[in-house]
Amino acid sequence: MKSRINELLEEVNRMAAANADELETLRIKYLSKKGQISELFNDFRNVANEEKREVGQLLNELKNKAQDKINELKDAVANSNSNTQQADLTRSADPLTLGTRHPLSLTKNEIIDIFSRIGFTIAEGPEIEDDWHVFGALNFPPEHPARDMQDTFFIEQNPDILLRTHTSSVQSRVMAEQKPPIRMLFPGRVFRNEAISYRAHCFFHQVEGLYIDKDVSFADLKQALLYFAKEMFGEDTKIRLRPSYFPFTEPSAEMDISCHICGGKGCPFCKHTGWVEILGCGMVDPNVLENCGIDSKIYSGYAFGMGVERITNLKYQVKDLRMFSENDVRFLKQFDSAY
Ligand code: DAH
């Protein structure tokens, strides 16, 4: 009896099944009512009394072992089936949830797209800048209030290094490195030391534009901006330029567009004026050209700078600036566009 148990134990250890049919044959051979292990149980009554205890234990072990092995093979067969023969390769895949672009990216891409159609290319510059590129080269006198600690984040160890407060800093880099004609856009993130509220944040985004060539005039600037306003906000959009001041442009202006929401009739959004301000602009100050190694007697140019958040607010009427950086998917999911 014991040798028969050992024989069967070896057979059980060697058991292998390639599919469910083979497995069933094995089960019947060893574990069914008439199977070989069951037969041994039937013979058990013939075992001498003094051996019953030992043989009974061996028999039970054999039976458990066989059952475990069958279960193990069953799992293996099931797995290999689901991976190969039984997988339905024609079944369509689970739908992938596609994300949407961030509204600020949509606006930025649209601005870039509009200006690229009239020949503007793109350059980017560092967010951590030196004083010269953010202020000095751009004609900010040393005591100019925009350099004040309240607006600018300085790096403590070295006040010459700061977080750029505008993307005009890329102007000074590009003009120092390239020869005119230059017709470029500078998109990017800027930083200002402001208390965070629904209408202000310590960082936001700008797109700066620069065109330097021979005989560039204010009329060229106005034409480019009118084209932009119509492309961005619709053919009926009107623009209005108001005199303003920026250290790096002379003359300088701020541009309003007819209110996109009420069509110029007056509403709470435009504070009932019919106009909303969207950007600053002007003719590049000759001092700036000279600071960057461009001969101001030969070349002239225009520049403009706009806040991406502001344009986005106008386009999509987002009332709270903080929404842009909170990454609430319920907000972000609402934006779906070609850009
Ligand atoms: N750099 C200005 C700002 O951050 C925006 C600006 C105004 C840019 C006039 C210009 C410009 O290029 O001509 O407020």
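Is Asn139 buried, partly exposed or exposed? In this predicted model, where local features need pLDDT of at least 70, side-chain atom pairs count only at pLDDT 80 or more and totals for chains, interfaces and linings use all residues, Asn139 turns out to be partly exposed, with a relative accessible area of 22%. Here buried means under 20% relative accessible area, exposed over 50% and partly exposed in between, with a 1.4 Å probe and protein chains only. Residues are numbered from 1 along each chain as its sequence is written, and side-chain values use heavy atoms, with hydrogens and water left out.

Asn139 also has a backbone feature to look at: its phi is positive, about 75 degrees, although Asn139 is not a glycine. It is placed in the loop between helix 6 (131-134) and strand 3 (154-155); helices (H or I, at least four residues) and strands (E, at least two) are DSSP runs, numbered from the N terminus. Lys271, another residue other than glycine, has a positive phi near 50 degrees. Lys271 belongs to the loop between strand 8 and strand 9 and counts as exposed, at 68% relative accessibility.

Two peptide bonds are cis. Pro180 and Pro181 are joined by one, with omega about 0 degrees, and Pro181 sits in the loop between helix 7 and strand 5 (182-191). The bond from Glu250 to Pro251 is cis too, with omega near -5 degrees, and Pro251 is part of strand 8 (residues 249-258).

The ligand comes next. It is surrounded by 15 residues, of which the closest are His166, Ser168, Arg192, Gln206 and Glu208; a residue counts as near when one of its heavy atoms lies within 4 Å. The shell divides into five nonpolar, eight polar and two charged residues, where Ala, Val, Leu, Ile, Met, Phe, Trp, Tyr, Cys and Pro count as nonpolar, Asp, Glu, Lys and Arg as charged, and the others, Gly among them, as polar.

Polar contacts (pairs of N or O atoms within 3.5 Å) can be followed atom by atom. A polar side-chain atom of Ser168 is 3.0 Å from a nitrogen atom of the ligand. For Arg192, a polar side-chain atom lies 2.9 Å from a ligand oxygen atom, and for Gln206 the distance from such an atom to an oxygen atom of the ligand is 2.9 Å. The elements giving two or more residues to the shell are helix 7 (168-177), strand 6 (203-213), strand 9 (275-284) and strand 10 (300-307).

Technical notes: Polar contact = N/O pair within 3.5 Å; in protein donor to acceptor, adjacent residues only side chain to side chain.
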